[in-house]
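Trainee: Could you walk me through this structure, please? I am new to reading models like this one.

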Amino acid sequence: MLIYLEKRAENFEVAQNILKKFPDAQVLRIDHYKNIFDKRIENQKLIPAIIIAKDEHPNILDVPENYWYPWKSFFFKSSLNCVFDCEYCYLKWNFKTQYPVIFVNYDDIKNIIRDKINELREWWYQWQITFYASNYSDIQGLDSLSWFNQEFIPFMEEFDNVLMETRTKSANIDSLFQINNWVPFKNTEISFSLNPDEIIAKFEKWTSSLGKRIESINRLIDKWYKVWLRFLPLLPVKDYIEIYTKFLERIKKEILIEKINSLFIASLIYNQWDFKTMQKKNPDSELWNFVTLHDNWLVKLPDDIFESFVSLFKTAFPNTKIYFDFI
Ligand code: SF4
């Protein structure tokens with residue numbers, strides 16, 4: 001195990017905790033994480049490594065229009081890259097290395113979130129403000145190192161009408177049970193991405209099996225967590241109607257859907273620039289057969305295929321509101 005440690009990140013508590021966890025790791029002190037992260041080392045055989053860094057300019061970004069929840073919504077990041085390897089994921093293709101980066105200056109990140117909420121409230125904005133935490137990594141997959149949950153879930157509770165979504169394909173949820181809470185957290189939703197086992201095995205390398213994800217969802221519901229099910233990306237593999245029908249029967253049998261906060265379905269979708277990069281880097285992927293270029297320059301499932309998925313989900317969950325992207 002190799003740890004690249006930015007010198008200015010060394011004294012942060014999260015950095016110290018990670019170093020204590022790996023007493024035998026080789027630690028290389030570096031001036032700036034980009035000196036490693038932006039090196040094009042791609043598929044060379046590498047020993048496992050993580051990068052610990054300080055985000056000099058933490059920022060939050062507006063989400064595109066029609067991105068899930070209505071109202072004001074933002075992305076923020078506390079880590080980059082993912083410990084999993086989903087074939088359709090744009091992260092691996094966008095970043096030059098596969099090493100996860102953990103930014104340890106949590107107080108700076110919290111401050112920009114707090115400032116944004118205060119600014120909107122000063123302008124009399126009263127509706128829900130949503131923060132998406134997992135668009136640059138699978139937070140839960142890294143949480144035994146990053147301790148994100150311990151820091152950010154209680155922090156979000158300070159505000160009214162604010163929601164943070166963290167999304168995962170990991171069944172490693174123990175850190176969520178180590179936060180002291182005697183009442184349910186009202187401002188965090190743990191969102192699980194789900195797909196049939198056939199698709200997980202083929203396209204979602206190293207992620208938890210469907211059975212393990214279902215087990216985790218049930219444990220979280222029992223512990224009063226708000227859980228969001230995201231069925232994405234929907235993939236029309238051979239015999240997909242039959243495969244997804246059986247999958248949805250299993251979901252309904254094994255999860256108490258009445259206790260789920262929301263359901264969401266989405267196409268495999270890219271902007272055309274990301275799509276070209278991904279296609280170039282993995283030209284033989286079966287995934288590219290599933291998508292077509294649409295008038296709005298997005299590359300996604302053909303409308304009729306997506307409609308067939310919508311219909312499957314509406315039949316399976318007739319009494320539940322299902323959100324889907326209208327893009
Ligand atoms: S779990 Fe999410 S972030 Fe990680 S590789 Fe898969 S799609 Fe990407």
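Mentor: Gladly! Helices (H or I, at least four residues) and strands (E, at least two) are DSSP runs, numbered from the N terminus. This is a predicted model, where local features need pLDDT of at least 70, side-chain atom pairs count only at pLDDT 80 or more, and totals for chains, interfaces and linings use all residues. Residues are numbered from 1 along each chain as its sequence is written, and side-chain values use heavy atoms, with hydrogens and water left out.

Trainee: Where does Trp-147 lie?

Mentor: Trp-147 is not a glycine, yet its phi is positive, about 60°. Helix H5 (139-146) comes on one side and helix H6 (148-156) on the other, so the place of Trp-147 is the loop between helix H5 and helix H6.

Trainee: Is Trp-147 buried or exposed, or something in between?

Mentor: Buried means under 20% relative accessible area, exposed over 50%, and partly exposed in between (1.4 Å probe, protein chains only). Trp-147 has a relative accessible area of 32%, so Trp-147 is partly exposed.

Trainee: And why does Asn-81 count as buried?

Mentor: Asn-81 is in the loop between strand E6 (79-80) and strand E7 (85-86), and has a positive phi of about 75° although it is not a glycine. Asn-81 counts as buried because its relative accessible area is 0%.

Trainee: Which residue has its backbone oxygen 2.5 Å from a polar atom of the Arg-121 side chain?

Mentor: Arg-121 belongs to helix H4 (residues 106-122). A polar contact is a pair of N or O atoms within 3.5 Å; within protein, one must be able to donate a hydrogen and the other to accept it, and residues adjacent in sequence count only if both atoms are side-chain atoms. The Arg-121 side chain reaches the backbone oxygen of Asn-161 at 3.2 Å. The backbone oxygen at 2.5 Å belongs to Tyr-125.

Trainee: What is the omega of the peptide bond from Leu-232 to Pro-233?

Mentor: Pro-233 is found in strand E13 (residues 226-234). The bond from Leu-232 to Pro-233 is cis, with omega near -10°.

Trainee: Which residues of the shell around the ligand are charged?

Mentor: The residues around the ligand (a heavy atom within 4 Å of it) include Cys-82, Phe-84 and Tyr-88. The shell divides into six nonpolar, no polar and two charged.

Methods:
Nonpolar A, V, L, I, M, F, W, Y, C, P; charged D, E, K, R; others polar.
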